[in-house]
Amino acid sequence: MSTTVEDPRIIEFDVRTDEMLVNMGPQHPSTHGVLRLVLRTDGEVVSEVVPHIGYLHRCAEKIGENLTPRQWIPYTDRMDYLAGMNMNLGWSLTVEKLMNYRVPERGRHLRVLIAELNRVASHLVGMGAYGLDLGTFSPFLYAFREREKILDLFEAACGARLTYSYLTPGGATADLPRGWLQKCEEFLDQFMPIIEEYHALLTTNAIFVKRTASIGVLSPELAIDFGTSGPVLRGSGIDHDMRRDGEEIYTSMYEGYAFEVICQRSGHYPHDHDYPPVPHEAVLGDCWHRFYVRMLEVVQSVDLCRQAIDRYSTSTGSYGEPMKLMQKLPKGECYLETECPKGQMGFYLVSSGESIPWRARARSSSFCNLSVTNALCRGCLIADVPAIVGSLDIVMGEIDR
Amino acid sequence: MAGAAFVDQLKAKFGENIVGANLENIDPWIEVSPAGLINVCRHLRDEPSLAFDYLNCISGVDYLHTDEKKAAKAEWQPHTEVVYHLFSMKHKHSLVLKVILPRWKNDKPGELPELPSVSGLWSTADWHEREVYDLSGVFFNGHPNLRRILCPEDWVGHPLRKDYEMPLEYHGIRGR
């Protein structure tokens, strides 16, 4: 039997691709740790993404019910292990809020300095790893070169390079060592000109722009609906930052500091005259904008660090002694969110009046940021999935807790 | 935000569905009945002067003393709480809602207490409710996909319940 075709268009109409389930992860290099994505694809087009999480679940909340707040500090380090200082700070402030305790002025400036320095380190990893996701290796090395210097500074301050447990309820475990501020200033002076290198490597790179601009556009409504926070939220043009809009106990730390929330207002970003302009392909809320917000936040954090150094070196008094290990907590409950590099990290503390909390809950920012993946990836190409997931800058340790 | 006047205003609108309030706590909270939860939440989200468009967190808290001596001294009867932390991007204010449930539905151990799902109002609730179901054992009616999220799907029990016991064995791995 011969197979003659009268009209070639009939064949084209007739050839259909089957839907296929594609497993990405949990060992996929572009999924940032043990995240498993199940993609439902039609050819190259993704119709659904189902994230499977929990591979790094370490029962942190259950452990929190069996330890005193100070004993739980090392466990908060291990949530967002790229920004341990910010995690320590969030939990410490929650405990202090419950106890109605205020850290002395010098301690507050120390905390701002340390937290902002850690934000720079975390965003550097975010930037470098994003380059890796998109197939360029060198930005990662450039980013880690500078991050290493920040880790050296942290090591000098508290002895650890990754899991610090430095900021604790009451203040910090130790004051900054002699000569540390000078080293920190030297680093900041040397680091500022390097930021332009990153922009040359990625921000304005034609391939990078092609891979990220107008990919994974997150509308402001969707961003709020899914509870996203941090650079993901601000990348969609929403002017919200816990350092300015948070609760008094947190915002009072930043009182008197000059900083502007990084988000696009009438087509412009703060400080954007120093850095490459937004490419015309980019749409507000896409991967490129999320990345750019992070890069500008690095500049902002360096500026905040400088201000904190000035204030810290002129302030007198105590840096804040840590609370007693078995400190009794007052009865009550409180919730506090702080602005961590990945977004708003919240802690909910319920106390029954003993030294061990009745319930310690951690609200993870990456958890909410990741939940938006399915909405973002619907209709995109398989190759864009790593670009979208990478732009959310998630850390699995924080999602799974 | 949540002053006495605000509670009275909600009580006038929702009557018995506003069960109580604690305004002395550091974060004042309002207690809502399970039946009225959806309507109260929709009002909080859609009323322009409130505009709670952002759901921060849903947490499950289990109240039970496994120790008999402590249980005799406790000021509360065993129960489970589900706590909603809301925020408004427009007005930059926050609110805490609480729902108090029995530990077990109809006091039959093993039957999870039920609560309507708010995932239709805030998409954040989708994953958060799955987490509360997984760890604290509260069943959310009307949730589109209520599966375990952090524990494996064949895990037994809800770890954040106070009477939870770690399994002796899981797929050949010793538990205790």
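In what order do the three strands of the open sheet in chain A stand, and is the pairing parallel or antiparallel?

**View 1. The open sheet of chain A.** The order is β1-β2-β3, and the pairing is antiparallel. Strands are DSSP runs (E, at least two residues), numbered from the N terminus; two of them pair if DSSP finds at least two bridges between them. This is a predicted model: local features need pLDDT of at least 70, side-chain atom pairs count only at pLDDT 80 or more, and totals for chains, interfaces and linings use all residues. Residues are numbered from 1 along each chain as its sequence is written, while chains are lettered from A and ligands numbered from 1 in the order in which they are written.

**View 2. The sheet edges, β1 (19-24) and β3 (45-52) of chain A.** Each edge strand has a single partner strand, so one side of each is left without a neighbour in the sheet.

**View 3. The pair β1(A) and β2(A).** Six bridges join β1(A) to β2 (residues 36-42) of chain A. The two strands run antiparallel. Met24(A) has Leu37(A), in β2(A), as its bridge partner.

**View 4. The setting of the sheet in chain A.** Chain A holds 18 helices (H or I runs of at least four residues) and eight strands. Its C-alpha trace spans about 95 × 50 × 35 Å along the principal axes. Of its 401 residues, 50% count as buried, with 20 or more other C-beta atoms, placed from the backbone, within 10 Å of their own. Contacts need C-beta atoms, placed from the backbone, within 7 Å. Among contacts between residues at least 6 apart in sequence, 73% join residues at least 24 apart.

Technical notes:
Buried ≥ 20, exposed ≤ 12 C-beta atoms within 10 Å, placed from the backbone. Contact = placed C-beta atoms within 7 Å.
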